[in-house]
Amino acid sequence: HSYCTFDPANFDAYGVNTFQMGMPLQLLDGTYYTLLEILNYQQPSTVVLDLYWYVLEMDFDAQQMDMFFEVLQNEELKKRYIDEVLPLNEKIKFNLKPVRYQADFFAFANEKLLNVIAYRLGLKRTFTHNPGEEYYKGRGYVYYDYLMAESQYAEVSTQPYTDMRDWDFNPKQEKYLGKIADMCEERGIRLILTTAPVSNVQFGRMLNYEDFHGRVAEFAAERGLPYLDFNLVNQEQGLFDDESFFDAGHLNDRGVKIADGYFMDWLMKNGGKTAEKT
């Protein structure tokens, strides 16, 4: 959720130089290799890492790998990623291109998924939401100013509940989260963990959210890392209303400005130290 939650332009007034490196469906293994590539050229003082429960449960995603390879130009890192991250069956498909692309075609024949893929490749997208602007603003940030469609609101409000009871990391993603924390510590980089907000209607369909939060907070405490969970803050303070989101799970630019302002205020008040509940 990072790429449509943190707008670098919102931090310029604080005198900090920022860039957004998030991608859709970004798993932590991809995040780790993205950070490795960044550190070949840059030495950031701070890394803000957003943690979303859905991708933290996943072992692998071929779509995410394809998007990652679109931006990763380092062939050595690509080889390491393939060797270390890809499951055996995906390595076979990757090396047998006809098999892989035939499988992808049938897997993604669904019209909605085709729209998503087209959008991520920069092609024409079929819109089902209310009219509004959507474009790549710069420095990694994607700008959205429209509101969640009433039809989606109605759909989400009646979907089955998601029970987070006994939630835990996928072992691979937990391993790479640890590797990211280790690498930042070794290089003297401050690492801050966040969880971006989802809409009130989506949050209302979730049970035992505290199990997810508690598990991430446990990891953060073990590592001495600050962790800001916008969903808990929103429940306590009501930061985000329905007009802060362009769909059930992502902020629009109105919501982004609220989130970014709160983040900097939180960071300056507690110095980035771990806070109870957040």
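Helices (H or I, at least four residues) and strands (E, at least two) are DSSP runs, numbered from the N terminus. This is a predicted model, in which local features need pLDDT of at least 70 and side-chain atom pairs count only at pLDDT 80 or more, while totals for chains, interfaces and linings use all residues. Residues are numbered from 1 along each chain as its sequence is written, and side-chain values use heavy atoms, with hydrogens and water left out.

Begin with the loop between β6 (206-207) and α11 (209-223), and select Asn208 there. Asn208 is not a glycine, yet its phi is positive, about 60°. Most residues other than glycine have a negative phi. Asn208 counts as partly exposed because its relative accessibility is 21%; buried means under 20% relative accessible area, exposed over 50%, and partly exposed in between (1.4 Å probe, protein chains only).

Next, go to the loop between β4 (162-163) and α9 (171-186), where Asp166 is found. Asp166, a residue other than glycine, also has a positive phi, near 60°. With 64% relative accessibility, Asp166 counts as exposed.

Now select strand β5, residues 190-195. Five of its six residues are buried, so β5 is largely enclosed by the rest of the structure.

Strand β1 (residues 46-50) pairs with β5 in the parallel sense over five bridges. To locate one of these, pick Thr46, whose bridge partner in β5 is Arg190. Strand β7 (residues 227-229) also runs parallel to β5, joined by three bridges. For this pairing, select Leu193 and look opposite to Tyr227 in β7.

Methods: Pairing = 2+ DSSP bridges.
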